[in-house]
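Here are a few exercises to work through with the model open beside you. Try each one yourself before reading the solution.

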Amino acid sequence: MTDGAADPVIVLPAVVSPGEAVMVRNSLLAALATTGQTVVIDGSAVIELSLQGLQVLLAFIRQAEDQKRPWSLRAPSEELVAALETYGLFPRLMAWPVTM
(Lines give C-alpha, C1' and ligand atoms only; values in the text may rest on other atoms or scores of the structure.)
Protein backbone atom coordinates (compact mmCIF):
# COMPACT_ATOMS: atom_id res chain seq x y z
CA MET A 1 0.00 0.00 0.00
CA THR A 2 2.98 2.33 0.17
CA ASP A 3 5.63 3.18 -2.38
CA GLY A 4 9.20 4.39 -2.02
CA ALA A 5 8.65 8.13 -2.52
CA ALA A 6 10.05 10.68 -0.04
CA ASP A 7 6.59 11.30 1.37
CA PRO A 8 4.67 8.19 2.41
CA VAL A 9 2.18 7.29 -0.31
CA ILE A 10 -0.85 5.17 0.46
CA VAL A 11 -2.24 3.74 -2.77
CA LEU A 12 -5.95 3.08 -2.51
CA PRO A 13 -7.05 -0.22 -4.04
CA ALA A 14 -9.33 -0.32 -7.07
CA VAL A 15 -12.25 -1.41 -4.92
CA VAL A 16 -12.30 0.14 -1.46
CA SER A 17 -14.70 -2.44 -0.03
CA PRO A 18 -15.52 -2.79 3.67
CA GLY A 19 -12.76 -5.39 4.00
CA GLU A 20 -10.21 -3.27 2.16
CA ALA A 21 -11.23 -0.23 4.21
CA VAL A 22 -9.71 -1.84 7.31
CA MET A 23 -6.36 -2.31 5.56
CA VAL A 24 -6.49 1.24 4.16
CA ARG A 25 -7.23 2.58 7.66
CA ASN A 26 -4.28 0.71 9.14
CA SER A 27 -1.93 1.98 6.42
CA LEU A 28 -3.10 5.57 6.76
CA LEU A 29 -2.79 5.58 10.54
CA ALA A 30 0.65 3.94 10.39
CA ALA A 31 1.86 6.61 7.96
CA LEU A 32 0.44 9.34 10.17
CA ALA A 33 2.09 7.90 13.29
CA THR A 34 5.54 7.24 11.86
CA THR A 35 6.38 10.31 9.83
CA GLY A 36 6.25 14.07 9.98
CA GLN A 37 6.04 14.22 6.20
CA THR A 38 2.97 14.79 4.07
CA VAL A 39 0.88 11.65 3.84
CA VAL A 40 -0.15 11.25 0.20
CA ILE A 41 -3.30 9.30 -0.62
CA ASP A 42 -3.11 8.04 -4.21
CA GLY A 43 -6.66 7.66 -5.52
CA SER A 44 -5.78 7.01 -9.16
CA ALA A 45 -6.80 3.33 -9.18
CA VAL A 46 -10.15 3.65 -7.39
CA ILE A 47 -13.13 2.39 -9.37
CA GLU A 48 -15.45 1.81 -6.39
CA LEU A 49 -15.61 3.41 -2.95
CA SER A 50 -17.81 1.83 -0.27
CA LEU A 51 -19.39 3.86 2.48
CA GLN A 52 -16.95 2.26 4.92
CA GLY A 53 -14.06 3.32 2.69
CA LEU A 54 -15.39 6.86 2.68
CA GLN A 55 -15.68 6.82 6.47
CA VAL A 56 -12.05 5.69 6.75
CA LEU A 57 -10.88 8.52 4.48
CA LEU A 58 -12.89 11.14 6.34
CA ALA A 59 -11.72 9.88 9.75
CA PHE A 60 -8.10 9.99 8.57
CA ILE A 61 -8.50 13.51 7.22
CA ARG A 62 -10.07 14.69 10.46
CA GLN A 63 -7.28 13.09 12.52
CA ALA A 64 -4.55 14.54 10.30
CA GLU A 65 -6.09 18.00 10.47
CA ASP A 66 -6.60 17.78 14.25
CA GLN A 67 -2.90 16.91 14.57
CA LYS A 68 -2.00 19.67 12.10
CA ARG A 69 -0.33 17.07 9.91
CA PRO A 70 -0.05 17.64 6.16
CA TRP A 71 -1.78 15.28 3.75
CA SER A 72 -2.84 15.37 0.12
CA LEU A 73 -4.96 13.43 -2.33
CA ARG A 74 -3.03 12.52 -5.48
CA ALA A 75 -4.64 11.90 -8.85
CA PRO A 76 -8.17 11.01 -7.75
CA SER A 77 -9.82 8.82 -10.37
CA GLU A 78 -13.02 9.93 -12.07
CA GLU A 79 -14.82 7.18 -10.15
CA LEU A 80 -13.48 8.42 -6.82
CA VAL A 81 -14.57 11.97 -7.62
CA ALA A 82 -18.00 10.66 -8.72
CA ALA A 83 -18.35 8.67 -5.48
CA LEU A 84 -17.53 11.75 -3.42
CA GLU A 85 -20.09 13.69 -5.43
CA THR A 86 -22.69 10.95 -4.85
CA TYR A 87 -22.07 11.16 -1.10
CA GLY A 88 -22.48 14.95 -1.26
CA LEU A 89 -18.81 15.68 -0.62
CA PHE A 90 -17.75 17.27 -3.90
CA PRO A 91 -17.58 20.77 -2.33
CA ARG A 92 -15.35 19.39 0.40
CA LEU A 93 -13.12 17.72 -2.22
CA MET A 94 -12.60 21.14 -3.80
CA ALA A 95 -11.12 22.38 -0.49
CA TRP A 96 -8.76 19.41 -0.07
CA PRO A 97 -5.11 19.52 -1.11
CA VAL A 98 -5.20 17.63 -4.43
CA THR A 99 -2.24 17.00 -6.69
CA MET A 100 -2.20 15.49 -10.13
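A residue counts as buried when its relative accessible area is under 20%. Keep that cut-off handy, and remember that this model is predicted.

**Exercise 1.** Work out whether W71 and W96 are buried or exposed, and how their rings are arranged.

*Solution.* Start with accessibility. W71 has a relative accessible area of 7%, so W71 is buried. W96 comes in at 10%, so W96 is buried as well.

Next, look at the rings. Their centres are 5.8 Å apart and their planes make an angle of 75 degrees. Planes over 60 degrees apart count as edge-to-face, so that's what this pair is. The model has one aromatic pair by this rule.

Finally, see where the two residues sit. W71 belongs to strand β5 (residues 71–74), while W96 is in the loop between α4 (90–95) and β6 (98–99), so the pair ties together parts that are 25 residues apart in sequence.

**Exercise 2.** Check the span of α2, then find where its buried residues lie around the axis.

*Solution.* Take the length first. With 16 residues at 1.5 Å a residue, α2 should span 22 Å, and its end C-alpha atoms are 22 Å apart, which agrees.

Now list the buried residues of α2: G53, L54, V56, L57, F60, I61 and A64. Looking down the axis, you'll find them within an arc of 160 degrees, so they line one face of the helix. Just after α2, K68 has a positive phi of about 55 degrees.

**Exercise 3.** Which element gives the largest share of the largest nonpolar core?

*Solution.* This core has 26 residues, and L28, I41, L49, F60, W71 and L84 touch the most other members. Two or more residues come from each of α1 (18–34), β3 (39–42), α2, β5 and α3. The largest share, six residues, is from α2.

Methods: Residues are numbered from 1 along each chain as its sequence is written. This is a predicted model: local features need pLDDT of at least 70, side-chain atom pairs count only at pLDDT 80 or more; totals for chains, interfaces and linings use all residues. Side-chain values use heavy atoms; hydrogens and water are left out. Rings of Phe, Tyr and Trp (its six-membered ring) pair if their centres lie within 6.5 Å; planes under 30 degrees apart count as stacked, over 60 as edge-to-face and the rest as tilted. Helices (H or I, at least four residues) and strands (E, at least two) are DSSP runs, numbered from the N terminus. Buried means under 20% relative accessible area, exposed over 50%, partly exposed in between (1.4 Å probe, protein chains only). The expected span of a helix is 1.5 Å times one less than its number of residues. The arc is that of the directions from the helix axis to the C-beta atoms. A nonpolar core is a set of buried Ala, Val, Leu, Ile, Met, Phe, Trp, Tyr and Cys residues joined through side-chain atoms within 4.5 Å.
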